[in-house]
Amino acid sequence: MAIPPGAAPGPASLPADLTRVGPALPGRRPSPRASFLLRRSGRALVSLGVVVAATFLVVHLVPGDPVRAALGPSATPELVQRTRAELGLDKPALQQFADYLSGLLRGDLGISLRSHRPVSATLAERFPTTLTLAGLAFLVAALGAVPIGVATAVSAWGGRRRSLHSVVSWLLGGLIAIPNFLLAVGFIALFGITMNVLPVAGWGGAAEAVLPAAALAIGPMAYLARIVHVEMLAVLGTPYMTTARSKRLPARLLYLRHALPNMITAALASGGLILTGLVAGTVLIEAVFVIPGLGSTIVASITAKDYPMIQGVVLVYALLVLALNLLIDLALSGLDPRSSIMEG
Amino acid sequence: MRSGFRQRLLSPQGIVTVVALCVLLLAVVFAPIVWGPAAALTAVADRGQGPSGAHPFGTDDLGRDVLARVLVATRLSVLLALGSTTIAIVGGTTLGVVATVLPRPVRRMVTALIDILLSFPWLLLTLFFSVIWGASASGAMLAVGFADVPTVARLTYTLASSVTGRDYVRAARIVGVGHAGVIVRHVLPNILPPLLVNTAAHASAALLSFAGLSFLGLGVQAPEFDWGRLLREGVARIYVNPMVALGPGIAIVLTGLILNSIGSLTGETASSALPPPRARARRRPGAPERAGSAAVVEAADLRVSFPGPDGGLVERVRGVSLTIAPGETVGIVGASGSGKSVTAMAIAGLLPGEAHVGAETLRFQDIDMTSPPTSAERGRLGLELAVIFQDPLTSLNPSLTIERQLTEVSEVHDGVPRKEARRRARDVLESVGITEPERRARQYPHELSGGMRQRAMLGMGLMGRPRLIIADEPTTALDVTVQRQVLRVLHEARRRTGSAILFISHDIALVSGFCDRVLVMKDGEIVEELAASGLAQAAHPYTRALVACVPHMTTDRSRPLPVIGDGDVAEEARA
């Protein structure tokens with residue numbers, strides 16, 4: 001959770017010499033891009049295994065009898081016994097795991113202890129809301145961070161506007177320090193109550209999405225802007241940027257064509273964690289704005305000890321994170337022709 | 001580091017932090033005693049009031065004073081956060097240190113698992129753990145602590161592995177010190193200081209996480225309350241009185257800031273990576289304005305200084321004057337740090353922002369290089385002044401094809417259409433001796449060999465109409481055979497274009513074979529200027545020393561090569 005703001009090594013320090021990749025199979029040498037993707041996919045598969053095992057195990061890790069805890073002290077022994085059989089908890093552990101896996105493959109995640117509806121049905125209802133919220137926030141964060149980071153880095157490199165630069169840097173630091181749910185509460189007080197211009201609860205229309213998406217996006221945006229700033233400064237100091245300056249290119253080409261592609265890969269490599277954090281951040285934001293998504297579902301089910309539902313939501317969140325990580329890796333391999341980052 | 005810490009402690013930020021920390025600690029110890037009764041006192045008549053003199057933050061739905069409740073909640077909030085931090089630090093350190101002494105296959109599994117856990121956001125991990133331990137204060141403390149264990153474990157593992165690889169630890173192993181002994185005596189003392197420095201940052205994160213969990217209703221349960229719980233109750237009543245929600249929020253943010261600030265005080269890198277001041281290129285007042293001079297380069301009394309480590313300026317070029325005639329090849333030799341590259345970059349106008357450039361005259365053809373070029377001048381500079389750098393790998397943009405990097409000069413400054421620029425690029429690549437120019441043009445720099453990259457670099461300069469090619473140690477990064485080929489290409493380019501060349505090298509033999517005229521630089525000054533054929537007549541002892549360093553057929557190989565040092569080589573050269 002305490003992510004060191006250290007940046008990934010700048011492009012200049014990366015060993016880009018591909019001869020280092022070492023001896024490959026005689027005759028058929030896999031391209032570094034392919035082997036990078038293979039390695040990362042393998043890691044994603046292992047992660048998937050860990051996630052499935054963890055969601056299965058979580059019920060068994062609860063101290064005491066989870067069924068008794070879920071049904072409360074007033075439940076009759078018969079009801080407890082029946083529910084235990086429903087959940088399959090009376091079978092041997094290995095049998096339970098096998099059942100769990102085959103259920104997953106069929107898309108059967110069990111029945112909610114509270115609503116007595118299939119977990120998968122509830123997930124299908126709620127997932128689009130959470131995905132939309134996270135997607136919107138991602139767009140805001142990315143589209144805000146790149147121009148801010150690039151502009152501050154370019155002005156810092158020339159040594160101009162030092163006071164403006166320090167003001168922006170303090171502002172970004174402050175925005176990073178405020179957790180998203182507090183920002184959300186502040187937004188409600190300011191835009192919903194004092195100014196009364198935007199709705200502060202519910203979900204559906206575009207107006208209802210403004211405050212949640214902004215509250216979720218601003219922290220990650222500030223953090224990403226800092227990463228972009230640092231990476232852009234590193235790129236601006238590289239010899240190839242001196243070469244580009246020696247061609248006296250206009251600023252537009254200098255920054256967009258020569259600096260940006262190199263900066264984006266480096267920033268993406270170190271900013272990936274911020275983007276996945278955005279997915280989890282929906283839990284708190286949904287609670288503040290009373291949005292019926294996965295986040296409010298998991299909070300309600302943890303409180304109610306609705307274990308099948310908890311397993312389902314945790315699984316979906318974890319899969320979303322894994323998918324996002326894989327997407328970032330794909331983007332990295334597509335963006336960087338050197339594939340220098342792919343050696344690690 | 002010690003003195004740096006004291007310095008930071010006495011800075012304005014340090015003083016504010018220490019005072020704020022004292023206030024926080026006082027609140028932790030005394031607030032429940034002083035304001036406890038007020039926080040519990042229900043007054044139905046006063047309920048749901050806005051801020052007033054008697055209740056600065058207003059009252060809640062039972063008429064309790066919100067400010068008093070926020071102050072009282074300090075103790076529980078801070079102690080729970082510290083509890084989580086302790087769990088994270090102890091658990092993470094143990095896991096990280098134990099991982100270093102595990103057998104290799106187990107160790108790889110453990111570190112892989114840590115890395116997988118790290119790829120999940122902390123909130124997801126926290127929620128997962130709070131499923132196990134349930135929605136209670138102690139459960140949330142465990143959940144927040146455990147969710148941070150992977151982060152601490154990774155840091156510990158990295159630090160500890162660097163220690164266990166050191167020679168004195170290996171020596172201890174050889175004399176029979178066991179795993180436990182190595183950990184206690186060698187690993188822990190070395191890794192604890194950097195870990196403890198990070199504690200404040202972890203505590204800050206734990207405080208915010210805890211507030212989040214309590215806010216979700218998964219942490220502290222009524223009737224107890226911490227800041228997160230107060231925030232939860234406040235948001236439900238935010239329409240009645242916004243301060244009920246904002247009060248605890250302010251307390252959380254302020255405490256988080258205090259903890260973060262402690263982190264940056266104890267941390268070793270309080271980096272204020274502020275940029276260098278803006279480049280100041282200025283011409284001496286009263287410098288004679290000479291128009292239409294025939295020389296390609298004319299510099300008089302060129303001085304360049306850079307900000308030094310102590311904040312002052314260090315002069316790296318001290319009054320250099322030189323002239324380069326059209327088509328002439330001029331070499332600058334000198335040891336590293338003699339200012340030869342800085343001189344060349346000043347002529348090209350490519351020094352970084354922090355450099356201070358001053359000169360009586362500094363012009364390229366009729367363009368005054370002491371002031372920023374106009375857009376017309378920029379176009380001419382782009383076409384007529386080419387620069388080749390030492391390391392062609394880092395000097396070519398890794399994410400653009402060779403073709404893209406060649407064509408853009410023609411497209412931008414000459415207005416040549418893309419298609420024609422491409423054709424020209426192929427011709428130029430062929431002229432600098434690149435085989436299969438069609439294929440090579442579409443490749444990226446990393447797909448070319450070192451010699452080919454340098455040829456492409458030269459080709460980039462030849463896309464325009466170079467009047468001057470500045471070659472800054474163009475062959476240093478290449479092996480000897482490739483060096484010769486690149487020099488031949490450079491020579492050929494000069495013959496074809498009639499361009500002047502400013503050739504920079506530390507290799508006097510190379511320069512004398514290639515140039516018409518040689519300038520010898522030392523400590524930012526030109527100490528001697530001679531015709532390349534006249535090296536044997538060099539008068540300056542430094543030049544003679546440089547010449548003496550070049551081994552030749554009659555060099556006595558049983559003796560070590562001379563070293564330029566305290567002037568004794570010069571003596572030897574004279575002898």
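Strands, like helices, are taken here as DSSP runs, a strand having at least two residues, and they are numbered from the N terminus. In this predicted model, strand 2 of chain B covers residues 297–307 and includes D301(B). The phi of D301(B) is near 50 degrees, which is a positive value in a residue other than glycine. D301(B) has 15 C-beta neighbours inside 10 Å, and it therefore counts as partly exposed, since that class lies between 12 or fewer neighbours for exposed and 20 or more for buried.

V290(A) sits in the loop that runs between helix 10 (251–289) and helix 11 (294–304) of chain A, and because it has 13 C-beta neighbours inside 10 Å, V290(A) is counted as partly exposed.

Chain B also contains an open sheet of six strands, arranged in the order 8-9-10-4-11-12 with mixed pairing. Strand 8 (385–388) and strand 12 (525–531) of chain B form its edges, and each has a single partner strand, so one side of each is left without a neighbour in the sheet. Within chain B, strand 4 (residues 329–333) and strand 10 (residues 500–505) pair in the parallel sense over five bridges, and V330(B) has L502(B) in strand 10 as its bridge partner.

The largest nonpolar core holds 249 residues, and among the members that touch the most others are Y317(A) and A346(B). Its largest share, 21 residues, is supplied by helix 8 (residues 206–236) of chain A. Because domain 1 (52–105) and domain 2 (119–342) of chain A both give residues to this core, it lies between them.

How values were computed
Residues are numbered from 1 along each chain as its sequence is written. Chains are lettered from A and ligands numbered from 1 in the order in which they are written. This is a predicted model: local features need pLDDT of at least 70, side-chain atom pairs count only at pLDDT 80 or more; totals for chains, interfaces and linings use all residues. A nonpolar core is a set of buried Ala, Val, Leu, Ile, Met, Phe, Trp, Tyr and Cys residues joined through C-beta atoms within 7 Å. Helices (H or I, at least four residues) and strands (E, at least two) are DSSP runs, numbered from the N terminus. Domain bounds come from an automatic or database domain assignment. Two strands pair if DSSP finds at least two bridges between them.
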